[in-house]
Amino acid sequence: MTRQRRAVLRTLAGCQDFVSAQELRALMVADAHSIGLATVYRALRGLEAEGGVDVVRDESGERLYRRRPADGHRHYLICRCCGSSLPVDSEVVEQWADRIAADTGFAAVKHRVELTGLCTDCHTTEDQEGVPPCRWEPAHEDSPGRARSCAS
(Lines give C-alpha, C1' and ligand atoms only; values in the text may rest on other atoms or scores of the structure.)
Protein backbone atom coordinates (compact mmCIF):
# COMPACT_ATOMS: atom_id res chain seq x y z
CA MET A 1 0.00 0.00 0.00
CA THR A 2 1.44 3.33 -1.08
CA ARG A 3 1.79 6.37 1.15
CA GLN A 4 -0.86 8.18 -0.92
CA ARG A 5 -3.33 5.29 -0.66
CA ARG A 6 -2.86 5.20 3.11
CA ALA A 7 -3.50 8.95 3.29
CA VAL A 8 -6.67 8.60 1.18
CA LEU A 9 -7.89 5.76 3.40
CA ARG A 10 -7.14 7.77 6.58
CA THR A 11 -9.08 10.76 5.28
CA LEU A 12 -11.99 8.55 4.19
CA ALA A 13 -12.07 7.04 7.68
CA GLY A 14 -12.98 10.50 9.01
CA CYS A 15 -16.00 10.76 6.72
CA GLN A 16 -19.39 9.57 7.93
CA ASP A 17 -20.97 9.82 4.49
CA PHE A 18 -19.95 9.32 0.87
CA VAL A 19 -17.67 11.92 -0.72
CA SER A 20 -16.46 12.60 -4.24
CA ALA A 21 -12.80 12.34 -5.23
CA GLN A 22 -12.68 16.15 -5.53
CA GLU A 23 -14.09 16.62 -2.04
CA LEU A 24 -11.69 14.04 -0.66
CA ARG A 25 -8.73 15.81 -2.25
CA ALA A 26 -9.91 19.17 -0.86
CA LEU A 27 -10.07 17.64 2.62
CA MET A 28 -6.58 16.22 2.24
CA VAL A 29 -5.13 19.51 0.98
CA ALA A 30 -6.81 21.34 3.87
CA ASP A 31 -5.08 18.85 6.16
CA ALA A 32 -1.68 19.73 4.64
CA HIS A 33 -1.39 16.71 2.30
CA SER A 34 0.16 17.55 -1.05
CA ILE A 35 -1.70 15.25 -3.45
CA GLY A 36 -3.01 15.56 -6.97
CA LEU A 37 -6.51 14.70 -8.07
CA ALA A 38 -5.24 12.01 -10.47
CA THR A 39 -3.44 10.36 -7.55
CA VAL A 40 -6.62 10.42 -5.47
CA TYR A 41 -8.55 8.79 -8.33
CA ARG A 42 -5.84 6.12 -8.75
CA ALA A 43 -5.87 5.38 -5.03
CA LEU A 44 -9.67 5.14 -4.98
CA ARG A 45 -9.72 2.80 -7.99
CA GLY A 46 -7.16 0.57 -6.28
CA LEU A 47 -9.08 0.59 -3.01
CA GLU A 48 -12.30 -0.21 -4.86
CA ALA A 49 -10.66 -3.16 -6.63
CA GLU A 50 -9.36 -4.45 -3.28
CA GLY A 51 -12.75 -4.04 -1.60
CA GLY A 52 -11.57 -1.22 0.67
CA VAL A 53 -14.26 1.28 -0.32
CA ASP A 54 -17.94 1.26 -1.15
CA VAL A 55 -19.00 3.28 -4.20
CA VAL A 56 -22.34 4.82 -5.13
CA ARG A 57 -23.36 7.31 -7.78
CA ASP A 58 -25.24 10.50 -7.09
CA GLU A 59 -28.11 11.69 -9.29
CA SER A 60 -25.70 13.30 -11.77
CA GLY A 61 -23.72 10.05 -12.09
CA GLU A 62 -20.70 11.18 -10.07
CA ARG A 63 -18.99 8.37 -8.16
CA LEU A 64 -18.94 8.86 -4.39
CA TYR A 65 -16.76 6.89 -1.98
CA ARG A 66 -16.90 5.69 1.60
CA ARG A 67 -14.50 3.45 3.49
CA ARG A 68 -15.87 -0.09 3.58
CA PRO A 69 -16.39 -1.46 7.08
CA ALA A 70 -14.31 -4.44 8.17
CA ASP A 71 -17.35 -6.73 7.96
CA GLY A 72 -17.55 -6.23 4.20
CA HIS A 73 -19.84 -5.12 1.40
CA ARG A 74 -22.91 -3.07 2.34
CA HIS A 75 -25.80 -1.31 0.71
CA TYR A 76 -26.90 2.16 1.77
CA LEU A 77 -29.96 4.37 1.83
CA ILE A 78 -28.79 7.86 0.85
CA CYS A 79 -30.63 11.14 1.38
CA ARG A 80 -31.01 12.95 -1.94
CA CYS A 81 -31.18 16.23 -0.07
CA CYS A 82 -28.31 16.33 2.43
CA GLY A 83 -26.28 13.28 1.38
CA SER A 84 -26.42 11.47 4.71
CA SER A 85 -26.24 7.69 4.39
CA LEU A 86 -27.46 4.76 6.40
CA PRO A 87 -26.40 1.12 5.92
CA VAL A 88 -29.38 -1.16 5.37
CA ASP A 89 -29.95 -4.87 5.86
CA SER A 90 -29.57 -6.38 2.41
CA GLU A 91 -29.23 -10.11 3.05
CA VAL A 92 -32.19 -10.81 0.74
CA VAL A 93 -30.37 -8.97 -2.09
CA GLU A 94 -27.19 -10.99 -1.49
CA GLN A 95 -29.16 -14.26 -1.52
CA TRP A 96 -30.96 -13.23 -4.71
CA ALA A 97 -27.67 -12.42 -6.47
CA ASP A 98 -26.19 -15.76 -5.38
CA ARG A 99 -29.27 -17.61 -6.65
CA ILE A 100 -29.17 -15.83 -10.02
CA ALA A 101 -25.50 -16.76 -10.39
CA ALA A 102 -26.17 -20.39 -9.51
CA ASP A 103 -29.23 -20.61 -11.79
CA THR A 104 -27.45 -19.12 -14.80
CA GLY A 105 -24.00 -20.63 -14.33
CA PHE A 106 -22.40 -17.19 -14.30
CA ALA A 107 -19.29 -16.71 -12.18
CA ALA A 108 -17.96 -13.62 -10.37
CA VAL A 109 -21.40 -11.97 -10.43
CA LYS A 110 -21.42 -8.45 -9.02
CA HIS A 111 -24.38 -6.24 -8.27
CA ARG A 112 -25.17 -2.68 -7.33
CA VAL A 113 -28.26 -1.61 -5.42
CA GLU A 114 -28.75 2.07 -4.71
CA LEU A 115 -31.58 3.35 -2.55
CA THR A 116 -32.25 7.07 -2.21
CA GLY A 117 -34.86 9.06 -0.36
CA LEU A 118 -35.27 11.95 2.06
CA CYS A 119 -33.99 11.52 5.61
CA THR A 120 -36.24 12.45 8.51
CA ASP A 121 -34.63 15.87 8.95
CA CYS A 122 -35.01 16.82 5.29
CA HIS A 123 -38.48 15.31 4.87
CA THR A 124 -39.95 17.08 7.88
CA THR A 125 -38.62 20.48 6.79
CA GLU A 126 -40.14 20.52 3.28
CA ASP A 127 -41.81 23.75 2.25
CA GLN A 128 -45.50 23.92 1.31
CA GLU A 129 -44.75 22.75 -2.22
CA GLY A 130 -43.02 19.61 -0.89
CA VAL A 131 -39.51 20.83 -1.68
CA PRO A 132 -36.86 20.19 0.98
CA PRO A 133 -34.77 23.24 1.92
CA CYS A 134 -31.39 21.65 1.29
CA ARG A 135 -29.65 20.59 -1.88
CA TRP A 136 -26.88 18.04 -2.23
CA GLU A 137 -24.24 20.20 -3.84
CA PRO A 138 -20.52 19.48 -4.05
CA ALA A 139 -18.46 21.19 -1.40
CA HIS A 140 -16.79 24.47 -2.26
CA GLU A 141 -14.33 26.46 -0.18
CA ASP A 142 -17.07 28.87 0.89
CA SER A 143 -19.81 26.29 1.55
CA PRO A 144 -19.48 23.02 3.44
CA GLY A 145 -21.72 20.84 1.18
CA ARG A 146 -21.45 17.06 1.60
CA ALA A 147 -18.01 17.29 3.15
CA ARG A 148 -19.55 18.66 6.36
CA SER A 149 -19.75 15.06 7.61
CA CYS A 150 -15.99 14.63 7.42
CA ALA A 151 -13.51 15.37 10.15
CA SER A 152 -10.74 17.60 8.92
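What covers the buried residues of α1? In this predicted model, the cover includes α2 (21–30), α3 (37–50), β1 (53–57) and β2 (63–67). The residues of helix α1 (residues 3–13) that are buried are Arg 5, Ala 7, Val 8, Leu 9, Thr 11 and Leu 12.

**Overall architecture and confidence**

The chain has 152 residues, of which 35% are buried. Its secondary structure consists of 5 helices and 5 strands, arranged along the sequence in the pattern α-α-α-β-β-β-β-α-β-α.

The mean pLDDT of the chain is 81, with 82% of the residues at 70 or more. Confidence is highest in α2, at a mean of 95, and lowest in helix α5 (residues 120–123), where the mean is 83. Over residues 136–152 the pLDDT stays under 50, and the model has 36 contacts beyond four places in sequence for this stretch.

**The packing of α1 against α3**

One of the elements covering the buried residues of α1 is α3. The axes of α1 and α3 lie 9 Å apart, and the two helices pack at an angle of about 80 degrees. Angles of 65 to 115 degrees count as roughly perpendicular, and α1 and α3 are therefore roughly perpendicular to each other. On the α1 side, the contact is made by Gln 4, Arg 5, Val 8, Leu 9 and Leu 12. On the α3 side, Thr 39, Val 40, Arg 42, Ala 43, Leu 44, Gly 46, Leu 47 and Glu 50 take part. By class, the residues of this contact comprise 7 nonpolar, 3 polar and 3 charged. Arg 5, Val 8, Leu 9 and Leu 12 of α1 belong both to the contact with α3 and to the buried residues of the helix.

Ala 13 also lies in helix α1, but this residue is partly exposed, with a relative accessible area of 47%. The C-alpha atom of Ala 13 is separated by 9.6 Å from that of Pro 69, which is 56 residues away along the chain.

**Cysteines**

How many disulfides does a search of the whole structure find? The search finds 0. A disulfide is a covalent bond between the sulfur atoms of two cysteines. For Cys 79, the closest cysteine sulfur is in Cys 119, at 3.7 Å, which is too far for a bond, because the cut-off for a disulfide is a sulfur pair within 2.5 Å. Cys 79 is buried, at 3% relative accessible area. Cys 122 likewise counts as buried, with a relative accessibility of 5%.

**Positive phi in two loops**

Most residues other than glycine have a negative phi. Ala 32, in the loop between α2 and α3, has a positive phi near 70 degrees. Ala 108, in the loop between α4 (91–104) and β5 (115–117), has a positive phi near 55 degrees. Both alanines count as exposed.

The table gathers the relative accessibility of individual residues discussed above.

| Residue | Relative accessibility | Class |
|---|---|---|
| Cys 79 | 3% | buried |
| Cys 122 | 5% | buried |
| Ala 13 | 47% | partly exposed |
| Ala 32 | 70% | exposed |
| Ala 108 | 74% | exposed |

Notes. Residues numbered from 1 in each chain as written. Predicted model: local features only at pLDDT ≥ 70, side-chain atom pairs only at ≥ 80, totals over all residues. Heavy atoms only, no water. Buried < 20%, exposed > 50% of the residue type's maximum accessible area, 1.4 Å probe, protein only. Helix = DSSP H or I, 4+ residues; strand = E, 2+ residues; numbered from the N terminus. Contact = heavy atoms within 4.5 Å. Axes fitted to C-alpha atoms, helices over the stretch in contact; angles between N-to-C directions. Parallel < 35°, antiparallel > 145°, perpendicular 65-115°, else oblique. Nonpolar A, V, L, I, M, F, W, Y, C, P; charged D, E, K, R; others polar. pLDDT = per-residue confidence, 0-100.
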